[in-house]
Amino acid sequence: MDIVVSGIRSTGKLHLGNYFGALKNFVKMQHENKCYFFIADYHSLTTHPTPENLHGSVKQVLAEYLACGLDPEVATLYVQSDIPEIPELYLLLNMNAYLGELERCTSFKDKIRNQANNVNAGLLTYPTLMAADIIIHKAHKVPVGKDQEQHLEMTRTFANRFNRLYNVEYFPEPVAYNFGEQLVKIPGLDGSGKMGKSEGNAIYLSDDPKTIRKKVMKAVTDSGPTEPNQPKPEPIQNLFTLMNVISSSDTQQYFNDKYNSCEIRYGDMKKQLAEDIVAFTEPFYTRIESILADTNYLRKVAKMGAEKARESATRTIKEVREIIGFRQF
Ligand code: TRP
């Protein structure tokens, strides 16, 4: 069974794009692999959250992932900062990570531009912390999006470098977990592009019905087709794409026919889509609320996750220390 590790950003609530993009696959994946899912709260310190924000976001993210079906009895679900072996491995990896390669990393160059007044060492060494996250469990696979491929490549570099330096075959080379064609891209409803937090066009699983209706009714449309059976312009196609994953096939068919016969009324289509999204997110919304209110349960989940994760992490650190030459007298 493959060992899979995935870090979850501790900032930001889950939106429909996250759900259909990765999360649905995580829920499936947990039964087919030995999965370690963790909330990357150490990484979030690079942007200096307040203590309240830090804790609040970790809690929210944990509740949302549980609400979506990550099963703490099946996968190992934990908070990064509960595992002291991760920063220890990070320190050790930093000794063999070179300034030049860290500075060349695209995400670091982006950060220099975006937070020029806070270019801290944590940003520079973000890739070694991420590598530590991954190889602490000797992972084989990491489900990553395009934006994380370079970090995964650097993880392989650090893992291989360790193996070479100490002449061991200790760390496996982690590769990207490929979901293949199952990956559904959810568009935004503001005309073009994908749904995303930074795009400001996201519909969150934790949005209440009123917010969802408002967001959907604001979706960009046009004055409608003037000839039958025309291809759909991007903003319109985006509405249909979302409808295709959310609504019943009858509904999809109905509006598709209306479009093709030039009788479509986008107001009606948006109303229907909004109601279907509300119906879809409602169970998530309810579960998120009830999990958030159950601190005892969250505490139990985090504790169980930390215990399982540390079992694997302490084993790795013990062996790594031995390989490096830290020995007891
Ligand atoms: N950098 C990842 C992101 O921004 C989060 C992350 C941290 C991660 N550590 C990881 C992802 C380890 C996979 C494996 O999304």
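His137 lies in the loop between α8 (126-135) and β4 (141-142) of this predicted model, where helices (H or I, at least four residues) and strands (E, at least two) are DSSP runs numbered from the N terminus. With a relative accessibility of 3%, His137 counts as buried, a term for residues under 20% relative accessible area, with exposed over 50% and partly exposed in between (1.4 Å probe, protein chains only). Apart from neighbours within four places in sequence, His137 is in contact with Ile3, Val5, Tyr36, Tyr78, Ala309, Ser312 and Ala313; contact means heavy atoms within 4.5 Å.

Residues are numbered from 1 along each chain as its sequence is written, and side-chain values use heavy atoms, without hydrogens and water. Because the model is predicted, local features need pLDDT of at least 70 and side-chain atom pairs count only at pLDDT 80 or more, whereas totals for chains, interfaces and linings use all residues.

The domain assignment gives domain 1 (3-184 + 295-324) and domain 2 (209-289); such bounds come from an automatic or database assignment. Nine residues from domain 1 and nine residues from domain 2 make up the contact. Taken over C-alpha atoms, the centres of domain 1 and domain 2 are separated by 36 Å.

About 730 Å² is buried between domain 1 and domain 2, and carbon and sulfur atoms give 85% of this area. Buried area is the accessible area (1.4 Å probe) that two parts lose on being put together, summed over both. On the side of domain 1, Leu16, Phe20 and Ala67 lose the most area to domain 2, together 62% of what that side buries.

Between domain 1 and domain 2 there are zero salt bridges, defined as a side-chain nitrogen of Lys or Arg within 4 Å of a carboxyl oxygen of Asp or Glu. The elements giving two or more residues to the side of domain 1 that touches domain 2 are α1 (16-29) and α3 (51-68). Of these, α3 supplies the largest share of that side, five residues.

Gln252 is placed in helix α12 (residues 249-260). At 19% relative accessibility, Gln252 also counts as buried. When neighbours within four places in sequence are left aside, the contacts of Gln252 are Met243, Asn244 and Ser247. From C-alpha to C-alpha, Gln252 and Thr50 are 45 Å apart in space, and they are 202 residues apart in sequence.
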